[in-house]
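Visitor: I would like a close look at a single part of this model. Could you walk me through the sheet and its surroundings, explaining the terms as you go?

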Amino acid sequence: MNEASMTEKASGDTPDRDAAAGTIRVLVAKLGLDGHDRGAKVVARILRDAGMEVVYTGLYKSPGEVVAAAVQEDVDVIGVSLLSGSHVPLFRELGRCLREEKSEHIFVVAGGVIPEQDYAALWDSGVDAIVPQEARAELIVTTIRSLIAARGRV
Amino acid sequence: MTVFTPSRPVRRAAYRPSIELVPEILAGNVAAIARMITRAEAGYPEAAPALAEIYRHTGKAHVVGITGVPGAGKSTLVSSLIRAFAAEGHKVGVVAVDPSSPFSGGAILGDRVRMSEAASSSQAFVRSMATRGHLGGLARSTLQAVDVLDAAGYSPIIIETVGVGQDEVEVVTAAHSIVVLSAPGLGDDIQAIKAGILEIADIHAVSKADKPEAAATVSALRGMMTLGSERVRSKWAPPVLPVSAVSGERIGELKDAISRHWGHLRDSGELAERQRGICRTRILGAAKYLFQRKFDERAGEIGEHIQAVVNRDMDPAGAARLLLGWTDEGQAA
């Protein structure tokens with residue numbers, strides 16, 4: 001599914017489930033042993049400038065810590081940047097923790113270095129969007145907005 | 001380059017009415033607490049009856065305000081305090097406030113970076129909150145978030161203000177005990193006798209006590225204390241405590257001072273006075289907010305009056321009175 005089809009889906013939503021009334025909250029995290037957070041900080045800044053509230057958790061987080069923080073912060077989206085190559089097991093664990101906490105309404109957006117042959121594994125783990133490094137900044141914003149518009153307010 | 005999405009439908013989640021969340025909040029359900037705070041922040045009218053019901057279950061928690069300049073070490077200190085209180089079996093609530101961008105309305109809430117170890121304890125609930133344009137060091141709904149945590153059995157509940165200047169002292173009408181955190185190496189002892197933030201402290205903490213400059217800051221603050229207290233009616237003498245979150249030095253002393261202040265408020269009868277002050281401020285704040293919302297609905301009418309003010313046919317205050325539907329001069333006073 002591409003971005004255009006997602007927007008179509010959103011436009012069919014009923015007004016009472018309109019998420020635009022609330023401020024979008026995003027948790028930006030770095031998972032596992034990956035010490036480079038410049039990209040994550042750039043994304044946090046882009047989302048801030050798009051009017052979103054970004055909870056930044058810092059480096060070296062476990063999937064369990066990230067999900068616990070996401071539940072307390074009641075975020076709409078967890079954005080994870082991964083450059084370490086261990087994305088498949090870490091996203092699998094993140095998805096498991098979200099199911100365990102009954103918080104599957106929280107979207108997972110993956111960014112960083114993720115080879116295309118791993119996309120299927122990430123979809124299976126519950127990842128809702130993959131943002132390649134080359135993606136333009138506005139695309140991250142529109143992707144998050146259309147996911148939330150399609151889901152509605154929780 | 002596009003963004004990739006899976007070929008499955010977007011997950012939808014069931015919307016649950018706020019009033020249904022109340023029993024779960026009272027039972028301590030973390031997700032229900034978090035959702036109610038979100039709705040209080042958004043100011044959904046739908047959540048108002050639920051928040052009213054929650055308020056009936058509050059009044060048990062010790063609310064501690066922690067304030068200080070940006071970079072003083074508030075989040076790091078809160079993290080140490082969570083650990084110290086949790087070690088004694090307390091369920092600790094934290095509401096950490098950071099500023100919203102005046103341009104985009106967005107915010108980067110970074111307090112969790114310093115708290116992550118303590119915040120992932122099952123005995124702590126940490127919520128980051130953006131000011132959303134509210135001035136004074138807190139967010140509009142900070143105290144509603146405190147209510148939700150109070151009703152859920154958290155105590156103490158720590159409010160961490162935004163990094164403040166000298167005049168953002170709203171926390172004094174929000175918390176029972178105020179800790180003002182000063183960082184060493186900023187300014188001389190005349191800073192310590194200025195009015196404002198330093199006056200509101202029930203406890204002075206000086207951060208980064210492992211640095212040599214800390215001793216000078218401690219003695220400047222102690223010197224200020226000897227010049228006399230503005231709260232002369234109180235028997236409480238605000239202590240000045242150097243702390244170091246890095247070494248964990250004297251965090252226990254600070255925790256004890258906070259508990260001692262709570263005991264003092266209850267024994268001396270000052271608590272009742274503070275409660276009344278907090279309630280008074282909250283009623284006025286809520287009234288202002290409701291008024292503002294009502295006013296915003298009519299703000300479209302402003303266009304009719306602008307030209308009259310531009311032409312000098314009417315002054316801005318007169319146009320404001322018309323906008324509010326006030327024709328009688330006396331009402332504007």
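Guide: Let us begin with a term: two strands pair if DSSP finds at least two bridges between them. Strands (E, at least two residues) and helices (H or I, at least four) are DSSP runs, numbered from the N terminus. Please keep in mind that this is a predicted model, where local features need pLDDT of at least 70, side-chain atom pairs count only at pLDDT 80 or more, and totals for chains, interfaces and linings use all residues. Residues are numbered from 1 along each chain as its sequence is written, while chains are lettered from A and ligands numbered from 1 in the order in which they are written.

V54(A) has I108(B), in β3(B), as its bridge partner. Three bridges join β2(A) to β3(B), and these two strands run parallel. They belong to an open sheet of six strands, paired in parallel, in the order β5(A)-β4(A)-β3(A)-β1(A)-β2(A)-β3(B). At its edges stand β5 (129–132) of chain A and β3 (107–109) of chain B; each has a single partner strand, so one side of each is left without a neighbour in the sheet. On average, neighbouring strands of this sheet are turned by 25 degrees against each other, direction ignored. Angles here run from 0 to 180 degrees between N-to-C directions, and axes are lines fitted to C-alpha atoms, for helices over the stretch in contact.

Next, follow β2(A) to its neighbour within chain A. Four bridges join β1 (residues 25–30) of chain A to β2 (residues 53–56) of chain A, and the two run parallel. Here Y56(A) in β2(A) stands opposite V28(A). Across β1, β2 and β3 (77–82) of chain A lies helix α3 (residues 63–73) of chain A, running at about 165 degrees to β1(A).

Finally, let us turn to the meeting of the chains. Two residues are in contact if their C-beta atoms, placed from the backbone, lie within 7 Å. By that rule, 37 residues of chain B are in contact with 48 residues of chain A. On the side of chain B that touches chain A, α2 (30–42), β3, α5 (116–119) and β4 (124–130) of chain B each supply at least two residues. The largest share, seven residues, comes from α2(B). The residues of this side divide into 20 nonpolar, twelve polar and five charged. Ala, Val, Leu, Ile, Met, Phe, Trp, Tyr, Cys and Pro count as nonpolar, Asp, Glu, Lys and Arg as charged, and the others, Gly among them, as polar.
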